[in-house]
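Look at the structure below before reading on.

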Amino acid sequence: MGKLQIRQIRLQEIAMPLKSAFETSFGVTTTRRVLIVQASDGNGFCGYGECTAMDRPFYNHETVDSAWMVICRFIVPLLKQAEVTSADDVGDALRAIQGNRMAVGAVETAIWDLESMELDSPLWKRLGGNREVIDCGVSIGLQSTTELLVEKVAREIASGYQRIKIKIKPGQDVDLVEAVRKEFPEITLSVDANAAYILERDLDLLKELDSYDLLMIEQPLATGALLAHAKLQSQLETPICLDESITSFEDAQQAIEMDACRIINVKLGRVGGHVSAKRIQEFAAGKGIPVWCGGMLETGIGRAHNIAMSTLPGFTLPGDVSASARYWETDITEPLVEVSPEGTIAVPAGPGIGYTVKEEGMEAITVRSETLSL
Ligand code: OSB
Ligand code: MG
């Protein structure tokens, strides 16, 4: 292993308008505020990571602002103190930090990219990936009408995506699933509630979803409600997939052992970076639990890290990693992340994340920046 030296961490907040608003049970996103982390070694190499925190604490407790503060005030000083010399050790160096996994993950993933660039090696290979194409699905937000939703589903199926996920919330659930199923009886379909249901109130409704041959029901109940998810799973045929609830290896272990889920959505940010994600997928695979890569409306940088993670052997279901052009008029990396007519992404062959960051393009949409020396 090369001796890594981290000399500088640069934070940049950019504003990226989405092509179309993305609505979930917790709210609407029209512009993505994104915190990008750049780690440099002082020898001309740098690596990039993306903080997946949103601007409001509605998906989880983190925000762009909280992550910014945690990185400046706690992560950088701890890294300095620990004199980290490999990307593998970053998580350990930061273990005193409770929660704030998206802040940690942004820095950890940037350092993985940096180290891979120094070693002139593709990140996905260094992580232990074993596939050169990944399978893709799409996540479709809540729409103003059911007809519009059905149209959107048709468009994504025509593009080749292998799995369609639609967002649901109380009042917009069984009817949407019914309409999509009626039009597309054969597609691989799942739903994502983003924690909007309550077991005691909504059990009958959730049981109704069982009759639509869904691949999974993602995060129906509250983030902390592992026990309630286990109770629900015992009354459903459809596998429950946990997203928000899984913030660490321990969460994954506990959820699997208590049968609170039968599938896991792994998000790099939510679990704190590549080492944690790798451990989770390995444990899940050992228990026969499939995992897939979730998305947080990432720019090309986060997308590239997601692609690298998705090459790990446990990622056996299509993820929410889809084409840049679905979200952005112009992305900050090149080439664009593109999806084949078969619904796959070819894993890049170049070193690091394998995509080039367009620094001038990023500068033009930068809202604030800060550079910290180590
Ligand atoms: O729950 O998976 C989710 C977007 C923002 C926050 C949470 C979620 C999502 C998505 C979109 O479903 C995934 C993507 O296309 O990036
Ligand atoms: Mg989700």
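Predicted model: local features only at pLDDT ≥ 70, side-chain atom pairs only at ≥ 80, totals over all residues.

Start with the empty space inside the protein. Rolling a probe the size of a water molecule over the atoms shows where such space is left. Searching the whole structure in this way finds 4 cavities of 30 Å³ or more. The largest cavity has a volume of about 220 Å³. Its lining is made up of 23 residues. Those nearest the centre of the largest cavity are Phe22, Lys167, Gly295, Met296 and Leu297.

What takes up the largest cavity? The space belongs to ligand 1. Two parts of the protein contribute to the surroundings of this ligand. Domain 1 (8-121 + 357-373) and domain 2 (126-346) both give residues to the shell, so ligand 1 lies between them.

Now turn to the shell itself. There are 17 residues around ligand 1, and Ser139, Lys167, Asn194, Leu297 and Tyr327 come nearest. By type, the shell residues divide into 8 charged, 6 nonpolar and 3 polar.

Which atoms of the protein lie close to oxygen atoms of ligand 1? Ser139 has a polar side-chain atom 2.8 Å from an oxygen atom of the ligand. For Asn194, a polar side-chain atom is 2.7 Å from an oxygen atom of ligand 1. With Leu297 the backbone takes part: one of its polar backbone atoms is 2.9 Å from an oxygen atom of ligand 1. On its own, ligand 1 has 390 Å² of accessible area, and the protein covers 100% of it.

Notes. Residues numbered from 1 in each chain as written. Chains lettered and ligands numbered in written order. Heavy atoms only, no water. Near = heavy atom within 4 Å. Polar contact = N/O pair within 3.5 Å; in protein donor to acceptor, adjacent residues only side chain to side chain. Areas by Shrake-Rupley, 256 points an atom, 1.4 Å probe, with all protein chains shown as cover. 1 Å grid on protein atoms, 1.4 Å probe; cavity = no way out; pocket = protein on both sides within 12 Å on 5 of 7 lines; lining within 4 Å. Sits in = over half its atoms within 2 Å of the grid points. Nonpolar A, V, L, I, M, F, W, Y, C, P; charged D, E, K, R; others polar. Domains from an automatic or database assignment. Points joined across faces, edges and corners; volume = space filled by probe spheres on them.
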